[in-house]
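Open the model in your viewer and keep the selection panel at hand. The tour goes stop by stop: what to select, then what is there.

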Amino acid sequence: MRKGLPRRSAIPRAWQRMLSGRRLDLLDPSPMDVEIEDIAHGLARVARWNGQTIGEHAFSVAQHSVVVEEIVAHLQPDIAPRWRLAALLHDASEYVIGDMISPFKAALGYDYKLFEERLEHVIHTRFGLPAKTPAEIKVLIKQADRACAFFEATQLAGFAQDEAIELFGAPPAGYSLHIEPEAPFAAQARYVRRFEALSEAAGYRPHTPGVSAP
């Protein structure tokens, strides 16, 4: 019997049906019920900054994740493809739980973090990664995540540069980014293509004609 989070008898249903047809048990998720197409579809429709950004389209978690993976490679050019894949998937759990802003995460406390970490472990297991990302890789991904947040804050969310530096730190030297929020279908397709390329480069899936590894 798999050990999951405690259930409450008052909850009538604790699973979500995905468009792939999978039913993901939110309290006791299984890697077998995780599909990259569901993740990409969900993340492309989850807005960063609670949607409080300029432009015709929201800046999605899918597009953010692709940028974070790119920044990770800039910070550490010789990083193994599997850790670039981990960077791409760093917010994958948000296809289920959404992108909660940091103050709300802090208010929810430990139970939220436990739920988020369990989903992350299941997603990693599904796609061949270690369930737990090594601490030094998590630090690197977090650095890239904060760098991306700096560009988002100043270009999309109305933050002054000094304010963004105070909150997120200065962006890495030698890296610049101009953000153009994409429509959901475009962000979804880009995320899947990047996943396929990195999975192939890491040796987790066979070669797909027309897909170029990094």
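**Stop 1: an ion pair across the sequence**

Select Arg-126, which is partly exposed at a relative accessible area of 30%. (Buried means under 20% relative accessible area, exposed over 50%, and partly exposed in between, with a 1.4 Å probe and protein chains only.)

Two notes before you go on. This is a predicted model, in which local features need pLDDT of at least 70 and side-chain atom pairs count only at pLDDT 80 or more, while totals for chains, interfaces and linings use all residues. Residues are numbered from 1 along each chain as its sequence is written, and side-chain values use heavy atoms, leaving out hydrogens and water.

Glu-35 sits in the loop between strand S2 (23–25) and helix H1 (36–43) and Arg-126 in helix H6, so the pair ties together parts that are 91 residues apart in sequence. (A salt bridge is a side-chain nitrogen of Lys or Arg within 4 Å of a carboxyl oxygen of Asp or Glu. Helices are DSSP runs of H or I with at least four residues, strands are runs of E with at least two, and both are numbered from the N terminus.) Glu-35 is buried, at 14% relative accessible area.

**Stop 2: the whole chain**

Zoom out and colour by secondary structure. The protein has nine helices and two strands. From the N terminus, the order is β-β-α-α-α-α-α-α-α-α-α. Of the 214 residues, 46% are buried. The accessible surface is about 11,400 Å², and 54% of it belongs to carbon and sulfur atoms. (Areas come from the Shrake-Rupley method with a 1.4 Å probe; for residues, only the protein chains shown count as cover.) Among contacts with a separation of 6 or more, 62% join residues 24 or more positions apart. (Contact means heavy atoms within 4.5 Å.)

**Stop 3: other salt bridges**

The structure holds nine salt bridges. Select Arg-48 and Glu-152: their closest N and O atoms are 2.9 Å apart. Arg-48 lies in the loop between H1 and helix H2 (61–75) and Glu-152 in helix H7, so this pair ties together parts 104 residues apart in sequence. Both Arg-48 and Glu-152 are buried.

Move along to Asp-145 and Lys-142, a salt bridge with closest N and O atoms 3.8 Å apart. Both residues lie in helix H7, three residues apart, about one turn of the helix. Are Asp-145 and Lys-142 buried or partly exposed? Asp-145 is buried at 14% relative accessibility; Lys-142 is partly exposed at 46%. Then bring up Arg-22, Glu-35 and Arg-126, which salt bridges with shared partners join into one network.

**Stop 4**

In soluble globular proteins, nonpolar side chains tend to be buried together. Here the largest nonpolar core has 58 residues, and those with the most contacts inside it are Val-34, Ile-39, Val-72, Leu-89, Tyr-95, Phe-127 and Tyr-191. Two or more residues each come from H1, H2, helix H3 (81–88), helix H4 (94–97), H6, H7, helix H8 (161–168) and H9. Which element gives the largest share of this core? H7 does, with 10 residues. (A nonpolar core is a set of buried Ala, Val, Leu, Ile, Met, Phe, Trp, Tyr and Cys residues joined through side-chain atoms within 4.5 Å.)

Centre on Val-34. Leaving aside residues up to four places away in sequence, Val-34 touches Leu-24, Ile-39, Tyr-95, Val-122, Ile-123, Arg-126 and Phe-127.

**Stop 5: aromatic rings**

How many aromatic pairs does a search of the whole structure find? There are six. Select Phe-127 and Phe-195: the ring centres are 4.9 Å apart and the planes at 70 degrees, so the pair is edge-to-face. Phe-127 is in the loop between helix H6 (110–126) and helix H7 (135–155) and Phe-195 in helix H9 (residues 184–201), so the pair ties together parts 68 residues apart in sequence. Both Phe-127 and Phe-195 are buried. (Rings of Phe, Tyr and Trp, the last by its six-membered ring, pair if their centres lie within 6.5 Å; planes under 30 degrees apart count as stacked, over 60 as edge-to-face and the rest as tilted.)

Next, show Trp-15 and Arg-23. Arg-23 lies over the face of Trp-15, 4.2 Å from the ring centre. (The cut-offs: NZ of Lys or CZ of Arg within 6 Å of the ring centre and within 35 degrees of the ring normal.)

**Stop 6**

Select Trp-49, Phe-159 and Phe-168, a cluster linked by ring pairs. Most residues other than glycine have a negative phi. Trp-49, not a glycine, has a positive phi of about 60 degrees. Asn-50 is in the loop between H1 and H2, and its phi is positive as well, about 55 degrees.
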